[in-house]
Amino acid sequence: MVTDSQRYRSTRGGEENLSFSDVVLKGLAADGGLFLPHAVPKADWQSWKDLSYTELAFEIFRLYIPESEIPSADLKEIINRSYSTFRSEDVVPLVPLALDGNINLLEIFHGPSYSFKDCALQFLGNLFEYLLAQKNVGKEGKDRYHLTVVGATSGDTGSAAIYGLRGKKDVSVTILHPKGRVSAIQEAQMTTCTEQNVHNLAVTGTFDDCQDIVKKLFGDDDTNKDVKLGAVNSINWSRILAQTVFHFWSYFSLARQSDSFTVGQPIRSVTPTGNFGNILSAYFATKMGLPAEKLIVATNENDILHRFWTTGRYEKHPAEEKDAADVCKETPSPAMDILVSSNFERLLWFLAKEHAEAAGKDSDAAAKQASQNVVEWYNSLKATGGFGPVPNDILENGRRTFESDRVSNAQTLETIKSVYEKTKYVLDPHTAVGITVSQRSVARPGNAAIPHISLSTAHPAKFADVVKEALKGEAGFDFESQVLPDELKALSSKETRVVNVENSWEAVREIVKRQTLEDLEAQAHASS
Ligand SMILES: *Cc1c(COP(=O)(O)O)cnc(C)c1O
């Protein structure tokens, strides 16, 4: 039997009753909306407290993926394979920090690319391979369904996507990065993957140029006629699902590690946020039962989310800068540099639905109403760069779960320095945004005794320039010996493969078509 949490609909109302595999392979709904399950399952979550990470993942995924699509034995095998690549036995270890209050860091960066994106993309890579194998039973050569994943990256997503998809059957992956504008380590991570199905394109231009090219390819009939495009960006439902696991895991880890904390007590959870994917996973965890007193959105100077929680208006630019160009501010935490936050649409849908239910509508009517609201809001965002204020009830309802705070560039570096001086722990700049917000939170009345779980989203070695800058005056600090892992040091001596391309979407299209054909031929050759 397929339950309501195993069937999917679009936030914009154009599609419903879709299967899990459909929404994973499609990524984005045809009406431009994002996929959500028809219901969030209420779970017997307390019974999960002694499970291993992979057992916990299985319990959670099973609620959203029916047995008829992925039988339990296969699902377990996919999960075990996905998390066996992590360097920590705990997969995501929880580390108490010796700072004022009760602040614990959840290190979610121990996957192959040293970014938290691995937690979802290792799983997604294996999932794609599995779902494509199902489609391709009994098919040979050119008849096989072959997915060409194309994405743009400013660094973190690209390396995690490549590490998730390298060597996978029936998949080609092409990642565009702005030439000379990603960190040396990120570039080396991507270009040293020389598997046949991995293609790096260094585009003469900016990250925004790369994103524009990708958008044009997805909208281009000619491209779609020749290749089946797939996306792995943070709107893919399977990524949100994969990330709910570590929000539960960290809670149970805290109970195991602390005598004074037992399952059932509240935490405050702090997430350095960009596209709202990670913290949306935390929101799903709370809907399933996780007792978070608050989920705290930590933003850098690209603060559309903080401004929303403050004013109820969702606008690319604050009123006083309304004629500003549509570019992000440069910050030390580039993986959080966004103008609009794509997954926020999913939260708005829930809040609008609850608003309609509070006004007396039944669940189906409320879902329709929520989709109508979302369509209106996003039409306004497209036409005018913003919408809102949303109705006060909606904002107040959201504020029961969420809080937000914003951290300046200077403060981010200051926190890396002060935390190092107090604890000798080296924070990456994204994590430092979260820790700054955690420190402000524990300092407010009543919060000091509540455990804070603050997410550490990247290894500090990935953002070498910022970390070195923040710690340059520290006696005895040496980046190469204290921070840089041997595995990343070794990248500089490896063979690389990258194709340089001008800033032209037609040029990229021809390369993508050619590379997909070459991959198909290589795969057919290998299996014959
Ligand atoms: C992607 C990323 C974030 C932002 O996560 P969202 O899910 O987009 O909010 C934060 N930190 C790092 C290091 C990232 O790579």
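Over residues 7-83, how much of the chain is helix, how much is strand, and how far apart are the end C-alpha atoms?

Guide: Happy to, and keep in mind that this is a predicted model. Over residues 7-83 the chain is 40% helix and 8% strand, with 26 Å between the end C-alpha atoms. Those residues come with a label, too: UniProt, in an unreviewed entry, places the feature "domain: Threonine synthase N-terminal" at 7-83.

The buried ones are Ile185, Gln186, Ala188, Gln189, Met190 and Thr191. As for what covers them, they pack against helices H5 (156-165) and H19 (486-489), plus strands S6 (171-178) and S7 (198-203).

Further on sits helix H11, residues 304-311, and this one is mostly covered as well, with six of eight residues buried. Here the list runs Ile304, Leu305, His306, Arg307, Phe308 and Trp309. Their packing partners are strands S10 (292-299), S11 (314-315) and S13 (402-406), along with helices H12 and H14. Just after H11, look for Gly312, which takes a positive phi of about 80°.

Let's take those two helix partners in turn. H11 and H12 pack at an angle of about 20°, their axes 13 Å apart, which means H11 is roughly parallel to H12. The crossing is right-handed. On the H11 side the contact uses Leu305, Phe308 and Trp309, and on the H12 side Phe344, Leu347, Leu348 and Leu351. By class that's seven nonpolar residues, with no polar and no charged ones.

H12 (residues 344-358) also meets H14 (residues 392-401): the axes come within 9 Å and cross at roughly 115°. This crossing is right-handed as well. H12 brings Leu351, Ala352, Glu354 and His355, while H14 brings Asp393, Ile394, Asn397 and Gly398. The make-up here is three nonpolar, three polar and two charged residues.

Technical notes
Residues are numbered from 1 along each chain as its sequence is written. This is a predicted model: local features need pLDDT of at least 70, side-chain atom pairs count only at pLDDT 80 or more; totals for chains, interfaces and linings use all residues. Side-chain values use heavy atoms; hydrogens and water are left out. Axes are lines fitted to C-alpha atoms, for helices over the stretch in contact, and angles run from 0 to 180 degrees between N-to-C directions. Helices (H or I, at least four residues) and strands (E, at least two) are DSSP runs, numbered from the N terminus. A crossing is left-handed if the near helix is turned anticlockwise from the far one by less than a right angle, and right-handed if clockwise. Contact means heavy atoms within 4.5 Å. Ala, Val, Leu, Ile, Met, Phe, Trp, Tyr, Cys and Pro count as nonpolar, Asp, Glu, Lys and Arg as charged, and the others, Gly among them, as polar. Buried means under 20% relative accessible area, exposed over 50%, partly exposed in between (1.4 Å probe, protein chains only). Angles under 35 degrees count as roughly parallel, over 145 as roughly antiparallel, 65 to 115 as roughly perpendicular and the rest as oblique. UniProt positions are given in the numbering used here, feature names are shortened, and annotations may be inferred rather than shown by experiment.
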